[in-house]
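I opened the notebook to log what I looked up in this structure.

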Amino acid sequence: MEAASIPSGGRGLLSRSPLARLPDRALKYGLTALSALILVLIVYFFVRLVGESSPAFSHAGLFGFTFNKDWNVNAERFGALPLVVGTLITSALALLIGVPVAVAGAIYATELCPLRLRAPLTILVELLAAVPSVVYGLWGIFFLAPKLRGAEQWVADRISFIPFIGGGLVTIPNYFITGLVLAIMILPIVSAISREVMATVPSDHKEAALGLGATRWEMIRMAVLPYCRSGIVGGAMLGLGRAIGETIAVTILIGDAPQLGSHLFGQGYSLAAVIANEFGEAQGLHRSALFAAGLVLFVLTLLVNGLARFFVVRAARGGSTTPTAGVGDGGVLVADAVSGA
Amino acid sequence: MSAPSGSSDLLGRFAVSPARRRRDSLARGSILAATLIALVPLVLIIYYLLLKGLGSWSSSFFTTDPTGNTFFKSSSIGGIKSAILGTVEIVALASVIAVPIGIGVAVWLVEYGRDSWFAHTVRFFVDVLTGVPSIVFGLFIYIVLIVGTGSTYAGYKGAFALTLLMLPVVIRSAEVVLLLVPGALRESALALGAPRWRVIFSIVLPTALPGMVTGVLLAIARAAGETAPLLFTAGATLKTSFGLGSFMNSLPVQIYSDVTSPTASVEHRAWGAALTLVVMILILNLIARVVARRSRLA
């Protein structure tokens, strides 16, 4: 029959006309262009940031800018060491205080707590992530810092024999209080990733440990924690990235003094805080120095987040040695936690 | 014929030694204590927000602009109308830009890019974007839209900065959800003769919709609380402005300028504004959770 015969135009019975294939092409290339646009945008921003900060670097040299400890706007001397040190001290404090608490919370939620409590506990910890950073700053400076000042002074007097940490007069805004508030701020992300990683521990391992007579704690120590080590490290690094980049809460709490704080309970400055605080009235070389501070901050977070990603991805693959079933789900969950939290 | 000896003997041989038992309860106790410690700041923050924030809420608090007057009684410092409207406008514009682009990129990653080297590069750059400190986004926009054009702060520039902040969150959350759409659904549609674009618009996107809404709402909630990217892009002002081309106030910036103000009387307004902001963000989070629960995927 004629209708069934293949048309002689060269087009198969089942293939679409070129016109009907047009929207497909358009969508595919449109979306590809959109994705390419993001790459171009990031590279362009980075190049422009380097360009804007180059006067400051050529003024003092890359090394001089980063490691000179004199930040004096009026004298046009821009050494970023006090800022870098402030950023590192406060973020390290945040990790020191925040990670053990976050991991303990994750262990409790996944291994120890009654099943009914698990969801409410998780939601409560994640509520901390919903509080904006400026509110942490507000709460920290008007409530936490004045309340803790007496205790801080007591501790500072007791440990005054340790150089760079104890001794001296405790000010209301200081390094320690900044680190403490940062610790609270990174709790949700570190805890979320630890929880996701702990959920990937095969129950075989845990049951084997319990079957051999281990107590709950021994099971956690020998079966759960070693399996999750790189995931927890990755979560902690992500928290570190957050802490390093945190701006507004730090600006409010660190005291904004452009000097190397003499002790842990003294005022200081951080890379992000200096930008937030001084950019508004900055001109010329000063502005360029602030762009340079932003660049240093950007590179620092890039390195930390790169490391974090390495560890989290390794954990999502089920640790370096034991590939196990069900890890694929864990990978998705971890990726979700990394991007969503 | 070694029948099991008395049960007390068995218990004796297999029981956990007192030392190990002590260590177990000690460890469990400290884990519980640390968990409770983690909840202390949450309770304190919520308590103080309610205590101080509710005290400054009043009908005039929401219907007047801040006056810039800081030296008199709290009645004359004004409210936060311009800040609320500014936040809503800026975040709305940011979402209108970020959501279509973000979902578009996620669709490309899942439906077209998949495991190609280019898709991996895009994922890598999106991850880079995730980690960029929010103040650096402000600097980016400042360089391009303020130094680059020689103009000054404007609401839409703040919205662009928030767009950059939202993009990675939208892309990664949408990607995760799109990956959960069963491949069988796509294959059935393709086998029935639907072209690729129809499969995406009629099958994949509707299936993934609730999950994507959750991700979008969480991204909006995150953007709404950001101060740093707005400081040098949208600026700070007292008056209510509806044009996104002019200086624009926002809740986080208003709180920040009240906190850093040398006079103490504006502290009340900061607490009230903070409570307003947190309530707005919590509502978004709540809706996101409800939508997530309705999702058919995962």
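**Ground rules.** I am working from a predicted model, where local features need pLDDT of at least 70, side-chain atom pairs count only at pLDDT 80 or more, and totals for chains, interfaces and linings use all residues. Residues are numbered from 1 along each chain as its sequence is written, chains are lettered from A and ligands numbered from 1 in the order in which they are written, and side-chain values use heavy atoms, with hydrogens and water left out.

**Interface.** I looked up contacts first, meaning heavy atoms within 4.5 Å. In chain B, 79 residues touch 79 residues of chain A. Next I took the buried area, which is the accessible area (1.4 Å probe) that two parts lose on being put together, summed over both. Between chain B and chain A this is about 7,200 Å², and carbon and sulfur atoms give 80% of that. On the chain B side, B:I31, B:I45 and B:I143 lose the most area to chain A, together 8% of what that side buries.

I then searched for salt bridges (a side-chain nitrogen of Lys or Arg within 4 Å of a carboxyl oxygen of Asp or Glu). The rule finds three across the interface of chain B and chain A. I noted the salt bridge of B:R20 with A:E218, at 2.8 Å from N to O.

**Aromatic pairs.** Rings of Phe, Tyr and Trp (its six-membered ring) pair if their centres lie within 6.5 Å; planes under 30 degrees apart are stacked, over 60 edge-to-face, the rest tilted. I get 23 aromatic pairs over all chains. A:F143 and B:Y48 have ring centres 4.1 Å apart and planes at 40°, so I logged the pair as tilted. A:F143 sits in helix 5 (residues 133-158) of chain A and B:Y48 in helix 2 (residues 18-56) of chain B, so this pair joins two chains. Helices here are DSSP runs (H or I, at least four residues), numbered from the N terminus. Both A:F143 and B:Y48 are buried, that is, under 20% relative accessible area (1.4 Å probe, protein chains only; exposed is over 50%, partly exposed in between).

I also logged one aromatic cluster, formed by A:Y44, A:F45, A:F46, A:F298, B:F137 and B:F140.

**Helices.** Helix 5 of chain A bends by about 45° at A:R149. The bend is the angle between axes fitted to the seven residues ending there and the seven starting there. Seven of the eight residues of helix 10 (residues 271-278) of chain A are buried, so the rest of the structure largely encloses this helix. Among them are A:V274, A:I275 and A:E278.
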